[in-house]
Amino acid sequence: MLASVSPVLDAIIRLQGGSMEWSPASFYRPEWLNIAEILCANRVNQMTRTYDDVEAMRRLLEEKEKDLELTARIGKELLERNQELKAQVLSLQAENRSAHESNTQLKHELHQKTQILHALTSDEDGE
């Protein structure tokens, strides 16, 4: 496994079974809310203990910046995926409307042909 970037990323990697691969769908897990709370609490404890340690504060700020960048990338990916899905929904709705109109037209034609067939058959029976 690659070197640690941050506790948040470490937690995400552990939840994904050690895989560094991620997808936007993998970030919709409710159990992560508890992990975020725990990580925030750990960060507060670290900051309280290291308030006077400038180097430790710098590391914590760098870590927080990396977390923020990761969050921004994930958010961007989610927005892009959402736009793709919206476009797909619109396309499928248009396709569905077209198929429905075609189906309605075919039913109408079938009904007309059935009426003509019944009319021809009743004329033959009457003769």
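Here are some notes on the fold, the surface and the salt bridges of this predicted model.

1. Ground rules. This is a predicted model, with local features needing pLDDT of at least 70, side-chain atom pairs counting only at pLDDT 80 or more, and totals for chains, interfaces and linings using all residues. Numbering starts from 1 along each chain as its sequence is written, and side-chain values use heavy atoms, with hydrogens and water left out.

2. Fold. The protein chain has 3 helices and 0 strands, running α-α-α from the N terminus. Helices (H or I, at least four residues) and strands (E, at least two) are DSSP runs, numbered from the N terminus.

3. Burial and surface. Of the 127 residues, 16% are buried (under 20% relative accessible area; exposed is over 50%, partly exposed in between; 1.4 Å probe, protein chains only). The chain's accessible surface is about 10400 Å², 58% of it from carbon and sulfur atoms (Shrake-Rupley method, 1.4 Å probe).

4. Salt bridges. There are 3 in the structure, each a side-chain nitrogen of Lys or Arg within 4 Å of a carboxyl oxygen of Asp or Glu. Glu 84 pairs with Arg 81 at 3.4 Å, N to O; these two sit 3 residues apart in helix 3, about one helical turn. Glu 84 is partly exposed at 47%, and Arg 81 is partly exposed at 40%.

5. Arg 58 meets Glu 55 at 2.1 Å and Glu 62 at 2.2 Å. Arg 58 and Glu 62 are 4 residues apart in helix 3, so about one helical turn separates them.
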